[in-house]
Amino acid sequence: MHLTELPSWKALWSHFTHARDWHMRQLFEADPQRARTFWLEHCGLRLDYSKNRITTQTMTLLLQLAREAGVAEGIAAMFAGERINTTEHRAALHVALRNRSDQPMRIDGEDVMPKVRSVLERMAAFASRVRSGQWLGYTHQPITDVVNIGIGGSDLGSLMVCQALRAHAHPRLDMHFVSSVDSAQLKETLRRVHAETTLFIIESKTFTTQETLTNAHTARDWFLRRAQEPQAVARHFVAVSTNLKAVSDFGIDPSNMFEFWDWVGGRFSLWSAIGLPIMLSIGEHNFLELLEGAHAMDLHFRDAPLERNLPVVLALLGIWYINFFGAGSHVIAPYDQFLHRLPAYIQQLDMESNGKRVTREGRPVDYETAPIIWGDSGINGQHAFFQLLHQGTHISPIDFIGSLDSRGSLPGHHEILLANMFAQAEAFLRGRDAAEARAELAVQGLAPAEVERLQAFKVFDGNRPSNTLLLDRLDPRHLGALIALYEHKIFVQGLVWGLNSFDQWGVELGKQLAQAILGELRDELPPAARDASTTRLIELYRRQRTQPC
């Protein structure tokens, strides 16, 4: 049955006619136990979702929607290795990459765990040699810098985790990430490293990705101008790929190619060989701890009842705002500087997964799907975009993310950090009404007329929804659980919306057009029939490149 025809969907719309007028101030006043009722804990994560425009009836109806939409069956299908990526005829079994149990995980009857464990062992052996200083460059010096060259899922996940877990990083190794084909990023990276002590990781499943291979060949040319020995490439370049011939032709020793599989989606791949930069940075033990945390969340997601299931609850809250309140965006606000790349990571994870206009059956949707994900460090956001969130005309639910552990923080800093996070969540809930604004202005000794003039500017409605996610501490295990939580949340939303969350056909058209336009910019192809705007832009560049400097 189509989503909008489900009984729970219709019941939710009826319920919404009352819920849209609620204010959370009154909801809290009416229920002293609200903060306990809307609270979940697992895997060292605590979720306070009481600051949402919901009641127990709302959650009952949302959970009924999940059941009618087949969420439980979809979860079971994923863990069973079924080909739930229907447009590409693939499983989406990234949970196998962090399966820390002895239980097999099968696709078409084949247990994939032996291959997964084999690659993990090879990664660990390689990382150990680099980290210990046994792996030497062509001048017999140990590696000091690692440059990861990839894009999208071959960049963002490892970059985010390496930044988040810098406290666990090897003291000798500096990690660098190059994803943009804009040469400025690669030039600046190469300016900071030395050929004799740099290791390059080329990450491309097919070893044909244009941006990645352009950067890889430029890096190799830079390296050979210094080493002047083609055989030295094998000491300084390794690959994460499935294309053995292309890797070998590049000059990389095939024994230093680390494999992954077509059932590993790019944005779900940091747990695989794509995570080699992570293991180099934080070591085998911490990498396995990252997997352990994700595995613990996987088991919770698979086994917990829907009403106590963290990913399911977060997903349903998002659906409540996206589909009923018309909230077109969702904010990720980590109150931890090490997590400053988390919003960008979740942005790709969510928007590439569920930014879809048709269902798994190819039927156009007649409801909203993925929100626009954005955000930044919460402390910085308070002095930037929080103004819009407090007093703007948009409803943008917010996820506040922080950790309870103050170890490693300078004296007094962590309390100020958390005080701001808790205060912002309270402010979004409460707001400030006109009477409160007048009272605050009057205390300042302003004349009554001035109080009346200014009070409108001091009022904001509050009633802005938020979730507060607290980690026991920011370490590999808890970070793994946090990432898996968002992966599964997004999958659940895709199930409810009837989407395939594991393909990304929307990225193809721009790439195809770019290939043709590139030929025109280089004068290798005659001008094609295009819209007037694109034609004019191409002509402008061609004229510019032929003019003398």
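The text below takes up a sheet, the helices around it, and a single residue.

This is a predicted model, in which local features need pLDDT of at least 70 and side-chain atom pairs count only at pLDDT 80 or more, whereas totals for chains, interfaces and linings use all residues. Residues are numbered from 1 along each chain as its sequence is written, and side-chain values use heavy atoms, with hydrogens and water left out.

**The sheet**

Helices (H or I, at least four residues) and strands (E, at least two) are DSSP runs, numbered from the N terminus. Two strands are said to pair if DSSP finds at least two bridges between them. Six strands form an open sheet with mixed pairing, in the order β1-β2-β13-β12-β10-β11. Its edge strands are β1 (39-42) and β11 (372-375), each of which pairs on one side only. From one strand to the next, the twist averages 20°.

| Strand pair | Sense | Bridges | Residues opposite each other |
|---|---|---|---|
| β10 and β11 | parallel | four | His330 and Ile373 |
| β10 and β12 | parallel | four | Val331 and Ile398 |
| β12 and β13 | parallel | six | Ile398 and Ser466 |

In general, strands of a sheet pair through backbone hydrogen bonds, either parallel or antiparallel.

Is strand β12 mostly covered or mostly open? Six of the six residues of β12 are buried, where buried means under 20% relative accessible area, exposed means over 50%, and partly exposed lies in between (1.4 Å probe, protein chains only). In a regular strand the side chains alternate between the two faces of the sheet. In β12, Ile398, Phe400 and Gly402 lie on one side and Asp399, Ile401 and Ser403 on the other, and both faces are covered.

**Two helices that cross**

Axes are lines fitted to C-alpha atoms, for helices over the stretch in contact, and angles run from 0 to 180 degrees between N-to-C directions. The axes of α12 and α20 come within 7 Å and cross at roughly 40°. That angle makes α12 oblique to α20, because angles under 35 degrees count as roughly parallel, over 145 as roughly antiparallel, 65 to 115 as roughly perpendicular and the rest as oblique. Contact means heavy atoms within 4.5 Å, and the residues that make this contact include Leu290, Met297 and Phe301 of α12, together with Leu485, His488 and Phe491 of α20. The residues of the contact divide into eleven nonpolar, four polar and four charged; here Ala, Val, Leu, Ile, Met, Phe, Trp, Tyr, Cys and Pro count as nonpolar, Asp, Glu, Lys and Arg as charged, and the others, Gly among them, as polar.

**A covered helix and a buried residue**

Helix α7 (residues 156-164) is mostly covered, with eight of its nine residues buried; among them are Leu156, Met160 and Cys162. The buried residues of α7 pack against β6 (174-178), α12 (276-303), α14 (342-354) and α20 (476-497).

Where is Gln455 placed? Gln455 belongs to helix α19 (residues 448-458), and it is buried, with a relative accessible area of 13%. When its neighbours within four places in sequence are left aside, Gln455 is in contact with Ala434, Ala437, Arg438 and Leu441.
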